[in-house]
Amino acid sequence: MSNTVLTVTKEIINKMMEHYKSAITNQNPPGSVFVAKPHGCTITAYKSGKVLFQGNGASMEAAKWGANANAHSQSGTLKTSATKKKSVAANSGNYAPPPTIGQLSIIGSDEVGTGDYFGPITVTAAYVSNDKIELLKELGVKDSKDLNDTQITKIAEQIIPIIPHSLLILRNEKYNELEQSGMNQGKLKAMLHNQAVSKVLTIVKSENKVDGILIDQFCQPEVFFNYLRDKSVPWKSSENIYFSTKAEGVHIAVAAASIIARYAFVKEFEKLSKMAGFELPKGAGPKVDQKAAEFIKKYGEASLTKVAKLHFANTDKAKHLIK
Ligand code: MN
C-alpha cells in the first residue's frame, strides 16, 4: 500500500475531476473537492491543491499527473513514499506541520516581548488564506527578526486591514499581578495564544476554510495543552493543529502574526518611554538595569509594576545599583 501526494493548481484539479468523472464518489471529507475511486486507487483532491493518491495503484495513477503538477505549479512537489503517514506520526508526534503547509490556509500565532524586561507581552493570531500568500510576500511579510521597527510599522499598517486577526496586549501591571498569583510565563503565553486563536476562529470559521492552526512553539505541545487544562480550548479537537519552532519560516501566517504583535509591542513601548520621560531600552541586559534604577529613583519602586516584568532578575540588579 503506498501513498502519493501531489500539489497542483486549480486547473489541474479541474482536469482531474473531468478525467475521473465516472469514478467520483459522493464522499466529501472536510476541505475536499472530490473523492474518486478508479481501479486500484482512491484519489482525494483538496481545496488546498493537495491531491492524495492511496492504494496499490497510487503511484502509477499519480505519475499521470506528476509531470503536469510540476510544470504548472512553481511550488509543485511530488512526494512518494510507502506508508509515509504512519512513520511521520510515530517519529515527530501529531503536531508536526505537513510538508505542504506553506500553500495552505492557516491561522498562525506568535508572541513578542517575553524576553524584554520593559514593556508588555503581545500575542497575535492571524488567518492567511492561501490566495493571500503571494500578496503578503509582495507587501514584504517575512521573519520579523529580519525587519527593523520602521519596516515592521510600514508592513503592519498595510496588512492589519486585510487579514483577519486578533491582537492581545498583556500590560505590565496585569502581567505582574498574574505572575505574583503563581502563573508562570509559559502558562500566560499559552492562555494568550488560546484566546487569540479562538477569537480568529470565530471571525473566519463561517465563511472561510481553515486548513490548520500553527503555533510558534515555545514548549512541547503536551505541556502547552496541560497549561490550558482548566480552560476552554474550543479548537483543541481540531485535527490540524501544528506546533513548530521558527514557525515564521514555516507559514507566512505566523510571520504576519509576528509582525502585528511586534508593531503593537513597539507602539506600547513608545508610550511607556514617554511616560518614563526617557527612552527605555529593549531586552534584559545591563543597560536595562541602569534604566530601571533611573526609573525607581524618579518614580519610586512601586511604579515599576506599570512598565516592567518585575520577576526578572533586572529588578534586584536595579535596586542594587541604587544602594
Ligand atoms: Mn515566537
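Thr 122 lies in strand β7, which covers residues 121-128, where helices (H or I, at least four residues) and strands (E, at least two) are DSSP runs numbered from the N terminus. At 0% relative accessibility Thr 122 counts as buried, a term that means under 20% relative accessible area, with exposed meaning over 50% and partly exposed what falls in between, for a 1.4 Å probe and protein chains only. The side chain of Thr 122 reaches the backbone oxygen of Ala 261 at 2.8 Å. Contact means heavy atoms within 4.5 Å, and, not counting residues up to four places away in sequence, Thr 122 touches a set of residues that includes Asp 110, Leu 167, Ile 169, Ala 261 and Phe 265.

This is a predicted model, in which local features need pLDDT of at least 70 and side-chain atom pairs count only at pLDDT 80 or more, while totals for chains, interfaces and linings use all residues. Residues are numbered from 1 along each chain as its sequence is written, and side-chain values use heavy atoms, with hydrogens and water left out.

Asp 110, one of the residues touched by Thr 122, is placed in strand β6, residues 106-112. The manganese ion is coordinated by Asp 110 (OD) and Asp 216 (OD), at 2.0 to 2.1 Å, where donors are N, O and S atoms within 2.8 Å of the metal (3.2 Å for Na, K and Ca), and, since water is not among the atoms, sites may look incomplete. This pair links distant parts of the chain, with Asp 110 in strand β6 and Asp 216 in strand β9 (residues 212-216), 106 residues apart. Asp 110 is buried, with a relative accessible area of 3%, and Asp 216, at 13% relative accessibility, also counts as buried.

The side chain of Asp 110 makes a polar contact with the side chain of Ser 258 at 3.3 Å; a polar contact is a pair of N or O atoms within 3.5 Å, of which, within protein, one must be able to donate a hydrogen and the other to accept it, and residues adjacent in sequence count only if both atoms are side-chain atoms. Leaving aside residues up to four places away in sequence, Asp 110 also touches residues including His 193, Asp 216 and Glu 248.

At 24% relative accessibility, Phe 218 counts as partly exposed. Phe 218 and Ser 244 are 26 residues apart in sequence and 8.5 Å apart in space, C-alpha to C-alpha.

Helix α7 comprises residues 185-204, and at 1.5 Å a residue its 20 residues should span 28 Å, which agrees with end C-alpha atoms 29 Å apart; the expected span is 1.5 Å times one less than the number of residues. Of these 20 residues, 16 are buried, so α7 is largely enclosed by the rest of the structure. At the start of α7, a side-chain oxygen of Asn 184 reaches to within 3.0 Å of the backbone nitrogen of Gly 186.

Lys 246, in the loop between β10 (241-244) and α9 (252-276), is exposed, with a relative accessible area of 74%. Phi of Lys 246 is near 50°, a positive value in a residue other than glycine.

For the chain as a whole, the secondary structure comes to 11 helices and 10 strands, and buried residues make up 50% of the 323 residues.
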